[in-house]
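Open the structure in your viewer and keep the selection panel at hand. This tour goes from one selection to the next, and tells you what to look for at each stop.

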Protein chains: 2
Amino acid sequence: MTRFDEATKAIRVDATTYEVCLDDGYAIGGPLNGGYLMAALLRATVDASPHPHPVSTSTQFLRSARPGPAVVHLTPLKSGRTTTVTQAVLTQHGDPYLAALITTATLTPDAEPFYTTPPTTPMPPLADCVQLPAPKPESGMTLNAQTDLRFDPPTIGWLNSTPTRHPESRAYFRLTEPQAPDPYVLALAVDALPPVAFSAGLRGWAPTVELTWHLRALPAPGWLTIRASGRLISDDWFDEDVEVHDSTGRLVAQSRQLARVGRA
Amino acid sequence: MTRFDEATKAIRVDATTYEVCLDDGYAIGGPLNGGYLMAALLRATVDASPHPHPVSTSTQFLRSARPGPAVVHLTPLKSGRTTTVTQAVLTQHGDPYLAALITTATLTPDAEPFYTTPPTTPMPPLADCVQLPAPKPESGMTLNAQTDLRFDPPTIGWLNSTPTRHPESRAYFRLTEPQAPDPYVLALAVDALPPVAFSAGLRGWAPTVELTWHLRALPAPGWLTIRASGRLISDDWFDEDVEVHDSTGRLVAQSRQLARVGRA
């Protein structure tokens, strides 16, 4: 079992209650990464569902979860022939930290698309992409050690005070440990890049308020490609759209989050 | 009070319970329009919140609601200085029909965007756009009478068996009764167009499974512009992205829904 599988493992207490132990290796400073937390929520939800694939997950991020024990409470809302809908709430010390509405269904492996659009922006070859400098240990950015991200260079120009001025970020992505992508890795991928607001010239902690992502196909092994962009930064709010393609070029996940502009 | 205001009115029973009377004038055949139902949910949620603006609404559509009495049950999840998060469930006869997670906040009127992108596709002048033919009374498409939609002609080519083959739909939008757009009208607008799958060459009832929309600014009076497009139709699922601009060209709402391909 990989570290990621272990760190997102949900242990069944009863039909609607699961325990997870949140791992300090997935932190962005003190708080844990939102994608990691969604993955743990989804493990519990899928375990309790007759359907194996979380096709739609909408999450509101209420408070910043910390490493340590947490409990997932499930409320079944509907169970039909093709879909099951569940509410999942992650709690720590009895308080809700994440609340999600999740539809599970059964996707067909290697379904042939009836219609598909190519990615909006081409990626340079992997060899031309770059990694971020390793964070200082005291920064608490432990997530960086678990993920291997290779950025399209202009989209991290903000590191050297040359932001593109457009809200965008693009990278190849895989876990550093040997693990093929699956829906849980995709939950991590849709929230893995630095905020697109950085490329627009803003800085600071940008808390996600809401993130919805859809699993569109089961990913093939290999690198994922993540393309993030935003449409509007206004009134201290910004949106971030993410498309994830697998190594065969298939669109496997799409997300949008609404976030607060950070205080630098 | 306009018909729309009346039809979405939520009457407070207690701090977490509201009654609504679902109006048969907002139906798509038998079932009621999803945007109309979201508007009623939002009326209850905003009434119970210290914040006036529903900035983020994620809804799972569990069953097809019918005209008649319904009850909205609210569960407070978080109330902070800048945002309040509420779960809202619309029930009929004791069963859940819609489940939503909603963040309310306070937007600044006429906030100047820090960054904004123009719409991806220009709209032709209003005079060059066209209305759909009036539905037959026996179709139960009563929603058509409440909304004034003027379509970019190619995007309704599917009516005459000349679909563009791309999942897209674009139109000007207003209510037929005199009513300036507000967040509740925007909830209707993000789900008001025919499914984009029609333009791709598919037909049939296409039930929405999940729809998340974000209120990005308070709309100015006048026509709204709705642009809908999809990225992938595969395995009997499709996505539909909607951007709504107000009469000043401001992006006021953005949504994405995941829906099932219809059975023609």
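A cavity, in the sense used here, is a set of grid points where a 1.4 Å probe fits but cannot get out, and its lining residues are those that have an atom within 4 Å of such a point. Please keep in mind that this is a predicted model. Counting cavities of 30 Å³ or more gives 2 of them.

Begin with the second largest cavity, which holds about 40 Å³ of space.

Next, move to the largest cavity, where about 60 Å³ of space lies. Which residues line the largest cavity? Select A:Thr212, A:His214, A:Gln254 and A:Arg256 together with B:Thr212, B:His214 and B:Arg256, and you have its lining. If you colour by element, you will find that β10 (208-215) and β14 (251-260) of chain A, along with β10 (208-215) of chain B, each give two or more residues to this lining. By class, the lining of the largest cavity has no nonpolar residues, but 5 polar and 2 charged ones.

Finally, select residues 127-261 of chain A, where an unreviewed UniProt entry places the feature "domain: Acyl-CoA thioesterase-like C-terminal".

Conventions: Residues numbered from 1 in each chain as written. Chains lettered and ligands numbered in written order. Predicted model: local features only at pLDDT ≥ 70, side-chain atom pairs only at ≥ 80, totals over all residues. Heavy atoms only, no water. 1 Å grid on protein atoms, 1.4 Å probe; cavity = no way out; pocket = protein on both sides within 12 Å on 5 of 7 lines; lining within 4 Å. Points joined across faces, edges and corners; volume = space filled by probe spheres on them. Helix = DSSP H or I, 4+ residues; strand = E, 2+ residues; numbered from the N terminus. Nonpolar A, V, L, I, M, F, W, Y, C, P; charged D, E, K, R; others polar. UniProt positions renumbered as here; feature names shortened; annotations may be inferred.
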